[in-house]
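Here are my notes on the aromatic rings. Please read them with the model open beside you.

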Amino acid sequence: SSKRVQSIGFQPNGQLWMLSRGAEIRLSEGDIDLENWQKPIIPIVNGYNYLDMAWDPEGAIWAAGGNGTLLVSKDGGNEWNKDPVGDEQPSNFIRILFNSGSNPSDFNGFVLGERGTLLRWIG
């Protein structure tokens, strides 16, 4: 694609993911051929790009972006839902981080936004 890449990283299975302008999410088709990508996923068109993406310890995919955009997919990226907490924050979300402890009650995550916005996720 000729669209500007916003962010890129690794999925839990070692394959790549990429966020590009136009609010597109792309997942690589395999870990061997890095040139092949699945068709773009455009979950919600609200005029804002996605800036980061991460998988929580339970396997859900989270995407964050401009104007409080915070999305989650619990089925591998087929269906996406807005997280209502994001709509309440006047911030662009720029980074998502998850970690897990030794048991599920220790799962937590953070979403970093502009102007000191910090959201905490408890699994």
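1. Start with Phe98. Its relative accessibility is 21%, so Phe98 counts as partly exposed. The cut-offs: buried is under 20% relative accessible area, exposed is over 50%, and partly exposed is in between (1.4 Å probe, protein chains only).

2. Keep the source in mind. This is a predicted model, where local features need pLDDT of at least 70, side-chain atom pairs count only at pLDDT 80 or more, and totals for chains, interfaces and linings use all residues. Residues are numbered from 1 along each chain as its sequence is written, and side-chain values use heavy atoms, with hydrogens and water left out.

3. How many aromatic pairs does a search of the whole structure find? It finds two. Rings of Phe, Tyr and Trp (its six-membered ring) pair if their centres lie within 6.5 Å; planes under 30 degrees apart are stacked, over 60 edge-to-face, the rest tilted.

4. Trp62 and Phe98 form a tilted pair, 6.3 Å centre to centre, with 45 degrees between the planes. Trp62 sits in strand S5 (residues 61-65) and Phe98 in strand S8 (residues 93-99), 36 residues apart. Strands here are DSSP runs (E, at least two residues), numbered from the N terminus. Trp62 is buried, at 8% relative accessibility.

5. Phe98 also pairs with Trp121. Their ring centres are 5.1 Å apart and their planes at 90 degrees, so this pair is edge-to-face. Trp121 belongs to strand S10 (residues 118-122), so the pair ties together parts 23 residues apart in sequence. Trp121 is buried, at 18%.

6. Together, ring pairs link Trp62, Phe98 and Trp121 into a cluster.

Key: Helices (H or I, at least four residues) and strands (E, at least two) are DSSP runs, numbered from the N terminus.
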